[in-house]
Amino acid sequence: MQFAKFVVTRLIAYVLVIWIGITVVFFVPRFMPTDPVEAMLGRIMTRGAYMEAEQVEAMRATLTQAFGLEGTLMEQYFGFMQRIFVTREFGPSLSMFPTPVNELIGRALPWTLGLLLSSTIIAWILGNAIGLLAGYRSRWLSSRTLEIIAIFVYPIPYYITALILIILFIHINPIFPLFFSIRGDPPSLEFISSVIYNSILPAASIVIVGFGWWVLSMKALSSSISEEDFVYFAKLKGAGEGRIMTAYVLRNAILPQVTVLALQIGTIFNGALITEILFGYPGLGTMTYNAVLQADYNLLMGTITISIIAVATSTLIIDLLYPVFDPRIRQR
Amino acid sequence: MRRTSPRLTIGLIILAVFIILGGILPFLSPEDPRDWIRHPRNLPPSAEHFLGTTNLGQDTFWLLSYATQNSLFIGVFVAFFATLIGVFAGLAAGFLGGSADRVITLFADVFIVVPSLPILILMSSLLQGRASLLLISIILILFNWPWPARQMRSIALSMRERQFVNTARFSGSGTVQILAEEIVPHIFSWAMANFVNTVLVAIATESGLAVIGLSSLEEATLGTMIYWALQHQALLGQRWWWIGSPVFAIIVLFICLFLLSTGIASRSAERRGHGDA
């Protein structure tokens, strides 16, 4: 019963997150002081494209349709929702006409998910493991040194870490390539190794910052749990150090860490977007950025909508994994 | 004797430096540091130009102080309103309970999950780099009130059952009086810690948007400074003073704010530990 209730509330929240997120996206262009169609036209014109008067009119009509600005606000809203949830079509890309936006996003999404998932999982596991050790052995000199390092690393935003890595490892010591370049075709070894080679720096910038946070929070949690009576009792009972650390301290400390991970996905995603742009990594972030530069409204709406859905879905998945860590929800 | 926390001390000292840099120095500036071609371009640091000059002929030092002022302003403005709204929403949710609680909690959870950056990018792209700092701040407030609200709600829930609140209630105090006299002092230091932390988050988000050229390009913030440096190939040209100054300033400022917020939080936790345990 407990479990069913847990799943249902999470699912309701999931639907609401997407609905409210998309609604905000719907209203932003409509409540801007500038006319979005004219703004986009202006952007296209400043890119130097010369257009005849009729072409401008045709472009204006296309854009009005792309923004869904025909009809009353209610009609527009339902049309917008229908396009996203029923037909799942964002139309053709305006800058890479006539490639459908869906196809472009389909190409970029695996890159973003791959980068985000691998770096978040590495940071979470590594940070929590080291934080656990540091909290359990909080009097060790290495634990305290580690905490000080984490304090200095965690508050720095992703893009600053990314910039520092770019300065250090691309410009001063050119170990990594200036431009993102992939060689070979998907299944080959050459392809995989070039993907890893090109992704090390973007992933590192996300791992370093995340790592700092998980070490700090895990250390605080595990050092306070280590002083609880049941841990003391386990020691008196003669349980081994390793067993106390995993079965007693870790089991309890890991729960809030899972909850926080679910809450942080949106923040991590924000950071990853800018990291991608700085490195030219071919994911959703870079694609969103190019869409802005090229005034490709269809593509922009597509990437932003998919971003919201992707973040909401990742959060849901982590939430649904929670019972794996917490037997109280699983067994009742 | 209470020992002073080293985190707070270090944090406050660095903060003082930034307040001088961003709060006082911009008014003493001999020029509008945003103007282009006022000085020879790409000078190394010298007595006349502390941090050299940019490729656009601006004095890096005065530009930095000007940018710090704007970034601090955004941070404080967003943090003030986000904390204010968050604290009241959280207290309302915790004390009223029922459907008010459910609605507030739901909205808070939704705004925590929805990623703010894509929405800011959409907005800025429509405003073509003319998004005012005020508009960006308002969006940031919208995405930052839920964190204090969540925390405040759980504090309110636990406090509803606390001894001193019941004592006040039985001695005839009304709800507003209880809030003002018993609860606000109790949560004040917590709200301060959250305020400082939100200053950090707001500056970080605005700078992030600015680094990719989507904040207000007409104003100088720490992020737009990095953007112009990147646009003018400060990296390839190895003009480390130009790109390095805002990067270094952001790092030091954020470490300072983080030290302050954790310092305040742990000090109030200690005090509570001695107080009503």
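Guide: Let's start with one helix of chain B: the buried residues of α5(B) are I136(B), S137(B), I139(B), L140(B), I141(B), F143(B) and N144(B). A residue is buried if 20 or more other C-beta atoms, placed from the backbone, lie within 10 Å of its own. Helices are DSSP runs (H or I, at least four residues), numbered from the N terminus.
Visitor: What span should the twelve residues of helix α5 of chain B have?
Guide: The expected span of a helix is 1.5 Å times one less than its number of residues. For α5 of chain B (residues 133–144) that gives 16 Å, and its end C-alpha atoms are 16 Å apart, so the two agree.
Visitor: Where do these numbers and letters come from?
Guide: Residues count from 1 along each chain as its sequence is written, while chains are lettered from A and ligands numbered from 1 in the order in which they are written. The model is predicted, so local features need pLDDT of at least 70 and side-chain atom pairs pLDDT 80 or more, but totals for chains, interfaces and linings use all residues.
Visitor: How many helices and strands are in chain A?
Guide: Chain A has 13 helices and zero strands (a strand is a DSSP run of E, at least two residues). Of its 332 residues, 38% are buried.
Visitor: How many residues of chain A are in contact with chain B?
Guide: Contact means C-beta atoms within 7 Å. By that test, 45 residues of chain A touch 32 residues of chain B. The largest share of chain A's side, nine residues, comes from α1(A).

Note on methods
Buried ≥ 20, exposed ≤ 12 C-beta atoms within 10 Å, placed from the backbone. Contact = placed C-beta atoms within 7 Å.
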